[in-house]
Amino acid sequence: MALTLYVDTARWRAHHKHVQEQFPGLVPVCKGNGYGFGHERLAEEATRLGSDILAVGTTYEAARIKDWFSGDLLVLTPFRRGEEPVPLPDRVIRSVSSVDGVYGLVGARVVIEVMSSMKRHGVNEQDLPQLHAAIENVRLEGFALHLPLDRTDGSDAVEEVIGWMDRLRAARLPLHTMFVSHLKAEDLVRLQQQFPQTRFRARIGTRLWLGDHEATEYRGSVLDVTRVSKGDRFGYRQQKAASDGFLVVVAGGTSHGVGLEAPKALHGVMPRAKGVARAGLATVNRNLSPFVWGGKQRWFAEPPHMQVSILFVPADAPEPKVGEELVAHLRHTTTQFDRLVDR
């Protein structure tokens with residue numbers, strides 16, 4: 001009995017091809033938990049797409065995935081002096097976000113990140129003159145610009161890229177390749193038309209692997225079902241059942257990421273109101289689980305355990321049977337499955 005990720009493989013791969021057609025020169029991104037699929041599987045899919053390069057999050061991820069992908073590996077986390085050295089092949093390209101970082105990678109293949117409106121990391125405009133001497137001792141693969149997802153100020157992502165292209169050109173730095181993130185397909189077309197001598201390569205992870213929500217589905221197996229009456233005590237903390245119903249033990253607990261949720265940016269009155277309501281219910285131990293039964297998300301009977309969750313299903317709902325599976329609305333980037341089934 002397991003928490004299973006089911007993949008409609010033909011549909012999933014058709015989406016990959018569609019994204020690849022929209023973004024010529026696409027650089028697939030495989031970082032973290034491999035967007036819920038695992039590094040090995042995404043390395044296989046990137047190879048299937050014919051990708052010459054795969055982006056990973058860290059040097060540790062590069063070390064793990066190097067035996068599964070034969071092309072170049074681009075490490076997205078910028079190099080820092082003093083970091084733990086990790087043995088890596090020459091086909092690994094390091095990101096750098098400072099002039100000092102470039103000097104620290106003599107002989108290495110590097111991509112230089114410039115500071116975007118994200119203000120996360122990157123070389124600033126005033127540092128560009130110093131790059132001339134620094135890049136003489138590295139193999140420069142290009143520059144990179146990581147853009148924000150939302151632009152609440154109404155600014156134009158393309159104009160931000162153009163601004164950096166103009167600065168780099170004014171500084172007489174090589175502009176053969178620019179790696180970009182979070183641009184639309186039509187944005188990329190505009191840029192390529194304006195700068196035909198530069199190759200723009202979109203680094204894409206979420207849109208590529210998770211863009212078709214109907215292609216994947218998590219399901220947890222029902223392990224046990226126990227009928228309870230109002231007032232019956234149960235669980236680790238011996239709480240009382242609020243009404244008649246069923247305690248349903250389902251595969252999927254904290255070790256899978258169930259009950260662990262990354263913070264979300266809320267926009268608008270209704271989402272904020274729902275967030276407040278959920279927080280209020282949590283203070284009285286009422287937490288909605290990701291598991292669906294009888295057309296409704298069901299409540300946790302108590303906080304999820306390490307490998308299973310216990311749900312409360314009221315008596316007026318159908319009784320789940322051992323061996324049946326419950327759909328689970330889980331976030332791919334925080335979930336670890338027991339098995340993956342292609343279908």
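Tutor: Glu113, Val114, Met115, Ser116, Met118, Lys119, Arg120, His121 and His146 line the largest cavity. Lining residues have an atom within 4 Å of a cavity point; a cavity is a set of points, on a 1 Å grid over the protein atoms alone, where a 1.4 Å probe fits but cannot get out. The model is predicted: local features need pLDDT of at least 70, side-chain atom pairs count only at pLDDT 80 or more, and totals for chains, interfaces and linings use all residues. Residues are numbered from 1 along each chain as its sequence is written, and side-chain values use heavy atoms, with hydrogens and water left out.

The lining splits into 3 nonpolar, 3 polar and 3 charged residues. The largest cavity holds about 50 Å³ of space. That volume is the space filled by probe spheres set on the points, which are joined across faces, edges and corners. With a threshold of 30 Å³ or more, the count is 1 cavity.

Now the setting. An unreviewed UniProt entry annotates residues 8-153 as "domain: Alanine racemase N-terminal"; such annotations may be inferred rather than shown by experiment. Residues 8-153 are 29% helix and 19% strand. Helices (H or I, at least four residues) and strands (E, at least two) are DSSP runs. The end C-alpha atoms of this stretch lie 39 Å apart.

Last, the chain. Of its 343 residues, 47% are buried, meaning under 20% relative accessible area with a 1.4 Å probe, protein chains only. The C-alpha atoms fill a box of roughly 75 × 45 × 40 Å along the principal axes.

Notes: On a 1 Å grid over the protein atoms alone, a cavity is a set of points where a 1.4 Å probe fits but cannot get out, and a pocket is an open set with protein on both sides within 12 Å along at least five of seven lines; lining residues have an atom within 4 Å of a point. Ala, Val, Leu, Ile, Met, Phe, Trp, Tyr, Cys and Pro count as nonpolar, Asp, Glu, Lys and Arg as charged, and the others, Gly among them, as polar. Buried means under 20% relative accessible area, exposed over 50%, partly exposed in between (1.4 Å probe, protein chains only).
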